Amino acid sequence: MSEYVYKRVLLKLSGEHLAGDQGFGIDPKVISGLAKEISAITKNKEVELAITVGGGNIFRGMAASTEGMDRSQADYIGMLATVMNALALQEALERVGVYTRVQSAISMHEVAETYIRRRAIRHLEKHRVVIFAAGTGNPYFTTDTTAALRACEIEADVFMKATKVDGVYDSDPAKNPDAKRFESISYLDVLTRELAVMDTTAISLCMDNKIPLIVFSLEPTGTMERALRGEQVGTVVHA
């Protein structure tokens with residue numbers, strides 16, 4: 001019997017997490033530690049893992065557009081930033097013996113496969129970690145929406161979103177020390193309360209396709225594995 005509750009997992013990583021304490025770029029220690037944690041989870045071939053990664057540690061399209069840059073152009077630059085992060089994560093994973101594939105929504109055959117749903121699923125069935133890059137290939141869509149879309153497409157058992165905080169709160173815990181963390185909450189409550197979990201498109205995709213979402217922090221090490229074992233970690237958002 002498998003020790004993990006979920007077999008096929010979509011993990012959403014923020015670009016900011018890869019920057020570590022330096023606040024920008026890619027911290028080799030952070031990405032190396034993350035690779036070792038993923039290796040521990042996938043080594044027994046009980047979990048099929050796909051990853052989407054943001055690009056905020058290199059470039060933020062939304063922020064650039066507010067400063068006058070054309071939104072579409074800014075978003076495309078942000079998509080290229082996610083490809084850089086995906087390639088760095090791929091290198092770190094393969095250094096510890098994890099077989100990977102990077103699939104990009106924007107064709108760039110020299111460094112990544114073009115995203116094809118059936119090929120991605122086949123890689124997962126062969127227990128390769130698939131890293132999705134370049135968003136959906138379209139501007140105006142966040143990486144959260146990309147992650148939700150890919151989770152639906154690969155028929156993931158769970159969507160795990162790693163954040164800086166350890167779950168979903170009724171208000172910003174950085175501003176309100178009395179903020180209450182939810183252990184479990186419905187997608188509908190997230191929408192009606194206007195909680196800043198993900199954008200509404202991503203939430204609606206998960207809700208309509210009945211994919212549970214776990215919002216958690218990667219700290220301390222081992223939290224992701226505990227969540228996959230079914231332990232109470234972070235906040236579970238359900239349909």
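Contact here means heavy atoms within 4.5 Å. Keep that cut-off in mind for what follows. The structure is a predicted model, in which local features need pLDDT of at least 70 and side-chain atom pairs count only at pLDDT 80 or more, while totals for chains, interfaces and linings use all residues. Residues are numbered from 1 along each chain as its sequence is written, and side-chain values use heavy atoms, with hydrogens and water left out.

Start with the whole chain. The protein chain holds 9 helices and 11 strands. Both kinds of element are DSSP runs, numbered from the N terminus: helices are H or I runs of at least four residues, and strands are E runs of at least two. The radius of gyration is 17 Å, close to the 18 Å of the globule rule for 239 residues, so the chain is as compact as a globular protein of that length. That radius is taken over C-alpha atoms, and the rule is 2.2 Å times the number of residues to the power 0.38. Along the principal axes, the C-alpha atoms fill a box of roughly 55 × 50 × 35 Å.

Next, cover and contacts. Of the 239 residues in the protein chain, 49% are buried. Buried means under 20% relative accessible area, exposed means over 50%, and partly exposed lies in between (1.4 Å probe, protein chains only). Among the chain's contacts with a separation of 6 or more, 71% join residues 24 or more positions apart. The protein chain exposes about 11,700 Å², and carbon and sulfur atoms supply 50% of that area. Accessible areas come from the Shrake-Rupley method with a 1.4 Å probe; for residues, only the protein chains shown count as cover.

Now the sheet. Two strands pair if DSSP finds at least two bridges between them.

S4 and S3 run parallel, joined by 2 bridges. Here Gln103 has Glu113 in S4 as its bridge partner. Strand S3 spans residues 100-104 and is mostly covered, with 4 of its 5 residues buried. S3 also pairs with S5, in the parallel sense, over 5 bridges. In that pair, Ser104 stands opposite Ala133 in S5.

Move on to strand S1, residues 8-13. S1 is mostly covered: 6 of its 6 residues are buried. Both faces take part, with Arg8, Leu10 and Lys12 buried on one side and Val9, Leu11 and Leu13 buried on the other. S1 pairs in the parallel sense with strand S2 (residues 48-53) over 6 bridges. Arg8 has Glu48 as its bridge partner in S2. S1 pairs with S6 as well, again parallel, over 4 bridges. There, Lys12 has Lys161 of S6 as its bridge partner.

Met160 stands opposite Ile214 in S10.

The loops hold some details of backbone geometry. Pro220 sits in the loop between S10 and helix H9 (223-228). A cis peptide bond joins Glu219 to Pro220, with omega about 0°. Tyr140 lies in the loop between strand S5 (129-133) and helix H6 (143-153). Its phi is near 75°, a positive value in a residue other than glycine. Tyr140 counts as exposed because its relative accessibility is 52%. Glu194 is in the loop between helix H7 (187-193) and helix H8 (200-208). Phi of Glu194 is near 55°, also positive in a residue other than glycine. At 70% relative accessibility, Glu194 counts as exposed.

End at Arg226, in helix H9. Arg226 counts as partly exposed, because its relative accessibility is 35%. Leaving aside neighbours within four places in sequence, Arg226 is in contact with Glu231, Gln232 and Val233. Arg226 and Ala147 are 79 residues apart in sequence, and their C-alpha atoms are 21 Å apart in space.
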